[in-house]
Amino acid sequence: MFNLYTFNPWWQQKEVDAALKGKPREVFDQIYDYIDTRQIILLSGLRRVGKTTLLFLLIDKLLGQDVDPYRILYFSFDEQSSSIEEILKKYEADILKNNLNEIKTYIFLDEIQKLNNWGSKIKILYDMYPRMKIFLSESASINLMKKTRESLAGRFFDFKIEVLDFDQYLKFMDVEIDKDREDIFAVQIKRQFSYYLKTGGFIETFNLDQDKLDKYFKETLLERVVFTDLPVIYRLDRPSLLFTLLKIIANHPGFLLDYRHMASDLKIDQRTLSNYISYLEYGLLVQKAYNFSPNFLTSEKKLKKIYLSNPAFTTSLAPDVNRGWLMEQYFINYLKARFFYRNPQKEEIDVILESDNKPVPVEIKIRNKIKLKALNPMLKFLKKYDLKQGFVISEDTHELFSKNQYQIEIIPYWKYWTLNRKLSLDKKS
């Protein structure tokens with residue numbers, strides 16, 4: 001039998017325990033702006049990115065605004081299983097002592113994806129109780145859940161909760177960098193960035209040593225999703241295959257995803273492989289990139305590349321992974337890159353961004369010297385699509401290469417804020 005009192009200590013203490021609250025994040029204020037709207041607030045994202053902490057911070061804020069503690073209910077489907085009907089019946093009778101239709105309440109339901117057919121159940125709840133403000137969190141991608149999205153259409157605001165980016169990480173670690181004078185701080189930026197890659201931007205991992213980091217990502221996150229979360233949701237009988245796929249991808253970030261050959265190597269059915277890759281996508285553990293074409297349907301039909309969704313997952317599963325591959329993955333993850341480019345001659349460009357409906361080519365070459373020959377694929381791409389500029393992310397080289405009307409700016413990876421400005425990512429920094 002579930003215990004509501006354990007989940008809601010503020011009913012007695014009148015406040016949220018300090019241990020449940022972390023440092024405020026920028027996204028908190030964006031979420032709180034919708035506190036008085038009718039729509040459901042949905043926090044989605046990877047496990048351990050801080051969704052539950054944000055829910056507790058919202059509860060703490062409400063208590064600070066003198067909201068009656070008994071009008072705030074929190075329940076985690078990750079900790080206990082029950083039906084929404086049972087939870088609300090007990091809450092209404094034992095705690096609220098009032099009809100849910102007659103009083104404003106704030107209902108927080110954590111890890112809602114664990115509840116079978118949750119979309120339709122939340123829709124009924126939303127429609128039945130207009131005075132109820134509903135907050136949900138889910139460790140999965142709602143974008144892959146067509147039925148859920150359709151059932152809740154117009155009823156929710158979705159906030160994707162991300163790991164901290166490098167700039168946010170520095171703030172959490174109280175490291176001050178003059179963003180307009182990156183060269184002066186180069187050594188410090190590189191040192192901090194090296195550790196940041198290993199933590200993946202997960203707040204709980206800051207200040208952990210490497211052994212504890214590996215254990216954290218393998219046992220607390222990856223194995224939990226692969227061996228517990230996904231098998232429950234999809235009733236999978238081969239969760240070990242999911243973990244095998246993760247390890248394969250970790251050792252070869254960005255390999256071309258050829259389902260036929262890969263299925264043959266693994267001695268499994270091609271459809272099974274495709275389905276299991278989709279489950280990893282649903283769990284937000286992998287990220288695909290498509291071969292760029294102005295026509296997305298054409299891109300969809302071409303070979304795809306696949307990466308793990310965070311560089312820390314890669315280093316925990318493949319500690320000896322090639323650094324160049326790891327850096328490529330980091331920028332794929334950070335830039336949320338949807339496209340790469342590969343022509344019939346097998347010349348490639350790592351990232352194709354989209355800006356003002358025009359492609360922006362970005363190549364990641366983490367090496368001491370970049371030869372002019374290595375820029376040929378980008379020059380061909382610029383000419384083919386009638387573009388003026390491309391970018392290369394380097395180890396330490398910072399220079400501008402010009403040929404005819406084309407320009408390629410080479411920028412070191414550690415010039416984080418310069419890259420943000422050049423790639424029009426200022427909103428991230």
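Me: Which residues form one aromatic cluster?

Reply: Happy to! This is a predicted model, where local features need pLDDT of at least 70, side-chain atom pairs count only at pLDDT 80 or more, and totals for chains, interfaces and linings use all residues. Residues are numbered from 1 along each chain as its sequence is written, and side-chain values use heavy atoms, leaving out hydrogens and water. Rings of Phe, Tyr and Trp (its six-membered ring) pair if their centres lie within 6.5 Å, with planes under 30 degrees apart called stacked, over 60 edge-to-face and the rest tilted. The cluster is formed by Phe166, Tyr169, Phe172, Phe193, Tyr196, Phe206, Tyr330, Phe331, Tyr334, Tyr413, Tyr416 and Trp417.

Me: How are the rings of Phe172 and Phe206 arranged?

Reply: Phe172 sits in helix 8 and Phe206 in the loop between helix 9 and helix 10, 34 residues apart; helices here are DSSP runs (H or I, at least four residues) numbered from the N terminus. The ring centres are 6.5 Å apart and the planes lie at 75 degrees, so the pair is edge-to-face.

Me: Is Phe206 buried or exposed?

Reply: Buried means under 20% relative accessible area, exposed over 50%, and partly exposed in between (1.4 Å probe, protein chains only). Phe206 has 9% relative accessibility, so Phe206 counts as buried.

Me: Which residues of helix 13 does helix 10 meet?

Reply: Contact means heavy atoms within 4.5 Å. From helix 10, Val226, Leu230, Ile233 and Tyr234 take part, and their partners in helix 13 are Tyr279, Leu280 and Tyr282.

How values were computed. Helices (H or I, at least four residues) and strands (E, at least two) are DSSP runs, numbered from the N terminus.
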